[in-house]
Amino acid sequence: MANNKVSYLNKTFSDFKNNLINYTKTYFPNTYNDFSEANPGSLFIDLASYVGDVASFYADTQIQETFLLYAKEKENLYALSYGLGYRPKVSYASSVLMDIFQLIPSITIAGVTNPDYNFALIIPENTPLTSTTNAIKFLTTDKVDFNDKSNTEITFVDNNNFLLRKQVTAISAEIKSTTLNFSSPQKFQLATITDSNILQILDATDTQGNKWYEVPYLAQSSILNTIANPNASSDGVAYLVNYQRVPRRYVSRFLSDGTLQLEFGAGLSNSSDNTILPNPDNLQLGLISGISNILNNYNKATPFFTQEYGLAPSNNITIRYLIGGGILSNVPSNNIIQIDTTKANFPSGVSGPLADIIKSSIACTNPNPSVGGRGGDEIEEIRNNALYAYQSQLRAVTREDYIVRALSLPTNYGSISKVYVTQDVANTSLPTPTVAYTEERNPLSLDMYILAYNNDKKLITASPTLKENLATYINQYRMVTDAVNIKDAFYINIGINFDITIKSGFNNNDVITNCIITLKSFFNIDNWTINQPIIISDILSTLLAVNGVQSVTKIEVINKQENTGTTYSKYAYDISGATRQGNIYPSIDPSIFEVRYPDTDIQGRVVPFTI
């Protein structure tokens, strides 16, 4: 796209020369009439044409650099992209799922041997890891709590020890810090952090202990604030979210040379600068008394802000930031095996030689390679990403936008597993006895149906706290005219029974095992969405693709419902009644099919081949 040059003057060397020759012939026909190349006068015409050509080139280039579609200079593209709402990146960190291990002593009570969780460790987030190749630094993104028995693999080692394993995501980054010196408060002060491969800022704290917050733009006076949820154990949501006003704030932007520039506010007092005070007296500022101009008397910035975009810093601020990423951060599997255990701790407070041995047993590895690391945005990436950012403005407009926003809810506010968005349908009773209800659609209201996961990654109904967090989170992206009703979707638990015949020379148990493994992958809940039907022919083709299967004689989908000792869905579903032309459809109410316990809910048999 950048090759399409903008031509402002549309003049070249030849154009200037021909125009000068025609001008001379017209106005000086008797003074100069020898336009051959050998004539010295042609030298001056060529020189004038050259100057015109160069001036035209620079004029065209300057105009071209003001358009995002045609700009080529990286510095201009950075400025244009920030103006359109896109933040270029100078480096991308790779990510990897880490296995973290610890030994834990056993304890025997009433003849039963179990792990002694008094020796279970907590490894905090941002724990450093190091790869053996090129000593690439990594950081864990979440806390690893071995006291939490969910999602923990326990392996019996011997009568004295168990081995615990948990998984945590890590990114290729390391923490660095710098101090910015501000001797006195000044409006819109700038500061620069010079380093290579800067990823993001972690936090900023001044010498008085005040925390400064990064915002997308200085006019944004509130951020999402995280509060520990006192009912986390019951509703599965670690934190509550609300909006917090932050007078101490700053924005950051990368420059084309990779440095990070910070800009602070202009407020010189501690007064709140985020109170909305629309004052009609301010709407006529700058107009001659007695003259009304409806096109000029509206200035949003004047009546709606009582201060100047946050406070200006007046003392030193310590910035902690992340660096890393790049193509070299994509390390192979089983390469990240060093972990810093300095900040690992026992919440029970145990100490002594045994505690030291347990702490030294912490180990880590990456079963899979780390991926995603690369250099910063290229010119064409900046151009296209900025165009997209301008179009979307980070607002939720379409159904897909709302789905992505719901699934993007930070995990510490709760985890949304499935989302379905549709236009609101209101059931209104009618007096007519022959018609029970009619559907009236509200074009300004959306129904968002959601489900969550429990600790075992089984579908559950979202807790009220999770819904509140989601509503607060979505509100900052919601169009002012949209109303979003957050509702519970339904999950229908099913089981699969199938009969197959196998080819000669194959072992029955091996083929059945491979079929069950294949169906487990087919019904993996990550692959299913709300209102997705079950296509029986897809199951058939999946089974026939297993090596050794000759034919599939039966595929039966059955409903699994809650009863004593089970945790299936409490809702029954008529599978046969919902089957149409080989497809099993979900209910009218948004719902999803789930094979809750694949190890027991998928059953297969080998039957003899009959003619």
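By the rule applied here, under which a salt bridge is a side-chain nitrogen of Lys or Arg within 4 Å of a carboxyl oxygen of Asp or Glu, the count comes to 20 salt bridges. The structure is a predicted model, in which local features need pLDDT of at least 70 and side-chain atom pairs count only at pLDDT 80 or more, whereas totals for chains, interfaces and linings use all residues. Residues are numbered from 1 along each chain as its sequence is written, and side-chain values use heavy atoms, with hydrogens and water left out.

One of these salt bridges is formed by Asp447 with Lys487, whose closest N and O atoms are 3.3 Å apart. Asp447 lies in strand E23 (residues 437-453) and Lys487 in strand E25 (residues 483-488), so the pair ties together parts that are 40 residues apart in sequence. Strands (E, at least two residues) and helices (H or I, at least four) are DSSP runs, numbered from the N terminus.

A second salt bridge joins Arg605 and Asp499, with the closest N and O atoms 2.7 Å apart. This pair links distant parts of the chain, since Arg605 belongs to strand E32 (residues 602-606) and Asp499 to strand E26 (residues 490-502), 106 residues apart. Arg605 counts as partly exposed at 49% relative accessibility, whereas Asp499 is buried, with a relative accessible area of 6%. In a further salt bridge, the side chains of Arg596 and Glu594 meet at 2.9 Å, N to O; Arg596 is buried at 3% relative accessible area, and Glu594 is likewise buried at 3%. Salt bridges that share partners also join Asp499, Lys554, Glu556 and Arg605 into one network.

Seven strands form an open sheet of mixed pairing, in the order E10-E18-E12-E13-E16-E17-E11, where two strands are taken to pair if DSSP finds at least two bridges between them. The edges of the sheet are strand E10 (173-180) and strand E11 (190-193), each of which pairs on one side only. Neighbouring strands of this sheet are turned by 30° against each other on average, direction ignored, with axes being lines fitted to C-alpha atoms, for helices over the stretch in contact, and angles running from 0 to 180 degrees between N-to-C directions.

By contrast, E13 pairs with strand E16 (residues 249-254) in the parallel sense, over two bridges, with Tyr213 standing opposite Arg249 in E16.

Several asparagines in loops were also examined. Most residues other than glycine have a negative phi, and most peptide bonds are trans. Asn126, although not a glycine, has a positive phi of about 60°; its place is in the loop between strand E4 (122-123) and strand E5 (128-131), and Asn126 is partly exposed, with a relative accessible area of 28%. Asn334 likewise has a positive phi, of about 55°, without being a glycine, and is found in the loop between strand E18 (317-324) and strand E19 (336-339).

Asn334 is also among the residues in contact with Asn366, contact meaning heavy atoms within 4.5 Å. Asn366 is placed in the loop between strand E20 (363-365) and strand E21 (374-375), and at 0% relative accessibility Asn366 counts as buried. Leaving aside neighbours within four places in sequence, the contacts of Asn366 include Val96, Leu97 and Met98, together with Val331, Pro332, Ser333, Asn335 and Ile336. The side chain of Asn366 additionally reaches the backbone oxygen of Asn368 at 3.1 Å.

Technical notes:
Buried means under 20% relative accessible area, exposed over 50%, partly exposed in between (1.4 Å probe, protein chains only). A polar contact is a pair of N or O atoms within 3.5 Å; within protein, one must be able to donate a hydrogen and the other to accept it, and residues adjacent in sequence count only if both atoms are side-chain atoms.
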